[in-house]
Structures are given as structure tokens and as C-alpha cells.
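User: I would like to learn how to read the sheets and the ligand site of a model. Please take the features in turn.

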Amino acid sequence: MKIVTLDEFIIRRQNDFEYATGELTALLRDIGVAAKIVNREVNKAGLVNILGMDGSQNASGDTVQKLDIYANEKLIECLSNSGECAAIASEELDKYVEVPRVEGKSPKYIVVFDPLDGSSNIDVNVSVGTIFGILRRKTDPSVPVSMDDFLQSGAEMVAAGYVLYGTSTILVYTTGNGVNGFTLDPSIGEFCLSHRDIKMPTSGQFYSVNQGYYLKFDVEMRRYIDHCSDMNYGLRYIGSMVSDIHRILFQGGIFLYPNTRKYPKGKLRLLYECAPLSFVVEQAGGRAITLGRNRIMDLKPKSLHQNVTIAIGSPDTVTEMEEFLEKYAVKLI
Ligand code: P6P
């Protein structure tokens with residue numbers, strides 16, 4: 001069967017969306033290059049001294065590992081190549097940063113990303129991922145980028161996706177016209193189309209939540225988790241959001257990160273984790289809501305690192321969970 005590389009696919013589908021001026025194409029290709037570079041380091045992390053905590057803490061208070069920093073730097077470097085990215089926001093940076101201008105370019109896009117999500121798993125050789133979202137800036141390219149350019153809802157994203165560095169490395173993305181997956185063929189150094197037009201099962205037999213927090217969840221969440229046990233659903237929780245969502249994309253089910261005492265507003269970040277993954281999941285036929293029952297894609301972030309609760313996965317399974325929330329939530333009289 002003919003190999004379709006990521007580059008070929010992007011160019012072919014360039015006319016799918018209204019901004020078919022090649023700028024978004026260049027950005028997606030920059031991300032593909034960064035993914036190959038990060039993949040190389042992630043795969044040999046156990047061999048060279050880039051493992052282990054470097055001690056610093058990121059904006060969300062997580063202890064940062066050297067590979068996080070490496071991945072962050074490579075993404076910024078690669079996104080500077082095309083000159084189509086005006087600025088970026090990253091889990092690893094407190095504030096957004098403007099990308100150095102390329103002569104003759106007036107970039108219209110900004111990119112948000114978590115360069116290496118689930119990085120605490122690196123030391124124990126469990127899969128990790130990169131999550132990215134692409135937004136059109138709202139301000140004119142002639143003026144500096146502003147915070148308003150970043151505080152846009154997932155519904156405003158023009159593209160989003162993730163890279164999963166697992167048993168094989170796969171890049172999955174959407175531009176709002178379906179979801180496609182590309183597996184890296186190391187022998188030719190190309191991402192090749194491997195999963196065309198991914199559609200998620202409408203329901204699933206797996207639930208994905210950190211069961212260790214069960215006693216700290218609200219009563220309606222505990223009732224839903226009890227229901228999952230009653231239904232003999234399998235519990236699959238890798239502790240790496242990209243890996244858990246990727247499994248659900250193919251096997252169906254639901255991923256939950258509810259509010260806990262430690263994370264009263266949820267742990268996962270809206271802008272560069274939940275919104276991009278919700279875009280992909282919705283495009284594959286799934287649903288993504290907060291435990292307050294708001295559609296994730298409708299939420300306008302109040303800050304770069306805002307946390308949200310999330311229930312994301314097969315549409316029927318998310319809807320069933322939503323019914324538990326309605327039925328068991330403590331009604332404030
Ligand atoms: P917990 C990884 O640190 C991460 O941000 C997500 O990838 C993952 O789903 C979640 O946190 C795991 O959090 O509290 O269950 O260890």
C-alpha cells in the first residue's frame with residue numbers, strides 16, 4: 001500500500017480549511033519535526049544523563065524533569081523555523097513567550113502545548129506524550145501578542161493533537177475535519193498515515209480514574225465509580241493523560257479527573273491539555289465536559305495555567321456519567 005507521509009497528508013488536506021495559505025501547514029510540519037527530535041531523546045532517556053529531577057518546579061508546581069525542559073526547548077526551536085508562530089504558551093513556562101520574527105513573515109498563529117505530559121513516568125519507562133493546540137491570534141500581526149490571544153476557548157482552535165511516545169510513536173491531530181493518526185517509521189524518519197479518520201466507539205467497558213482518590217471524590221462521583229464496578233468495567237489508569245485518552249480513542253470508555261482535596265478545581269490544565277484533547281475526542285465522535293457539566297471546548301480560560309475537572313471519552317459513557325452527576329449531586333436547597 002502506498003505510504004502517505006504526514007507532510008504529504010497535510011499538504012493534500014490544506015484546502016480543507018479556510019486558512020489554506022500554507023501557514024498552518026508549515027506549523028504542523030514544525031510540530032512533526034519537533035516530535036521526531038523529542039522521540040529520539042525519550043527513547044534513549046535511560047541511556048544518557050537527561051533523566052532524573054532537575055529540581056525546579058513548573059507553573060503548576062510539578063517537579064520538572066530534564067526531558068521536560070529539553071522537549072520544551074525543542075518545540076520552541078522548531079516552531080521558530082517557519083516564522084508562522086507568533087508566540088507560545090507552555091506548561092513549562094510561567095508566561096507566554098514571543099517567537100523571534102522571521103524576515104518577511106507576519107505570523108498569525110499562536111501555539112499552546114504541554115511538551116511532555118506524564119513525564120514522571122519516564123524514569124519507569126511508561127509512555128509519555130506531547131499535547132498541542134493552535135489558535136489564530138486575535139490581535140493584528142503588527143502589534144505584540146497579548147494575553148487575550150491565548151485566553152481563547154477550545155472551540156476557537158484551528159488545530160490540535162498529541163504525540164504519544166509509546167511502544168511506537170504516533171502523532172494524532174485534527175484541523176476540525178476528522179482525526180488522523182501517523183506512526184513514526186524510524187527506518188525512514190517519517191510519520192506515516194496509519195489510522196485514517198479515527199472514530200471512537202460510542203461506549204466502552206473501561207473507566208480511567210485514579211482510584212486512590214476514591215474517598216476524596218464527591219459522593220456523586222463515588223456513586224458513578226461504584227456503578228462502573230457493578231458493570232464490571234475494567235479500570236485502566238496509566239497516569240499519563242495522553243496514553244489514557246489514546247486508548248479510549250480506540251477501545252472506548254471514559255477518562256475522569258475529578259476535583260479532589262489537593263486539586264479542588266481539578267489538576268489538568270484547560271488551555272494546553274484538556275482543550276486540545278477535547279477537540280480531538282469530539283472530532284472522533286466523543287464528548288468532553290467538566291464535572292460541572294460544561295462542555296470543555298466552550299470554556300474561555302481565565303489564565304494560562306487554569307485547572308479544570310474533566311470527564312472525556314465515548315459519548316454514551318460520558319452521558320451516562322453525566323446522569324449520575326445529576327441524580328446524586330447534593331442539591332443545594
Ligand atoms: P495523578 C501527569 O502528571 C498528569 O498531568 C496527566 O498526564 C495524568 O493523567 C495525571 O497528571 C495523573 O495525575 O494525580 O493521578 O497522578
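User: In what order do the eight strands of the open sheet come, and what is the pairing?

Analyst: First, the ground rules. This is a predicted model, where local features need pLDDT of at least 70 and side-chain atom pairs count only at pLDDT 80 or more, while totals for chains, interfaces and linings use all residues. Residues are numbered from 1 along each chain as its sequence is written, and side-chain values use heavy atoms, with hydrogens and water left out. Helices (H or I, at least four residues) and strands (E, at least two) are DSSP runs numbered from the N terminus; two strands pair if DSSP finds at least two bridges between them. Here the order is E4-E3-E5-E6-E7-E8-E9-E10, with mixed pairing. Strand E4 (97–98) and strand E10 (190–195) are at the edges, each with a single partner strand, so one side of each has no neighbour in the sheet.

User: How many bridges pair E9 with E10, and in which sense?

Analyst: Strand E9 (residues 179–185) pairs with E10 in the antiparallel sense over five bridges. Thr183 stands opposite Cys192 in E10.

User: Which helix packs on E3, E5 and E6, and what angle does its direction make with that of E5?

Analyst: Contact means heavy atoms within 4.5 Å. Axes are lines fitted to C-alpha atoms, for helices over the stretch in contact, and angles between N-to-C directions run from 0 to 180 degrees. Helix H3 (residues 66–79) touches those strands, at about 155° to E5. Helix H2 (residues 23–43) lies across several strands, including strand E7 (157–165), to which H2 runs at about 15°.

User: What is the strand order in the open sheet of five strands?

Analyst: The order is E12-E11-E13-E17-E15, again with mixed pairing. Two bridges join the parallel strands E11 (residues 206–208) and E13 (residues 254–257), and Tyr207 has Ile254 as its bridge partner in E13.

User: Which residues surround the ligand?

Analyst: A residue is near a molecule if one of its heavy atoms lies within 4 Å of it. Among those around the ligand are Asp117, Met241, Phe255 and Lys267.

User: How far is an oxygen atom of the ligand from an N or O atom in the side chain of Asn210?

Analyst: The distance is 2.9 Å for Asn210, and 2.6 Å is the corresponding value for Tyr237. A polar side-chain atom of Tyr257 also lies 2.6 Å from a ligand oxygen atom. Polar contacts are pairs of N or O atoms within 3.5 Å.

Technical notes:
A polar contact is a pair of N or O atoms within 3.5 Å; within protein, one must be able to donate a hydrogen and the other to accept it, and residues adjacent in sequence count only if both atoms are side-chain atoms.
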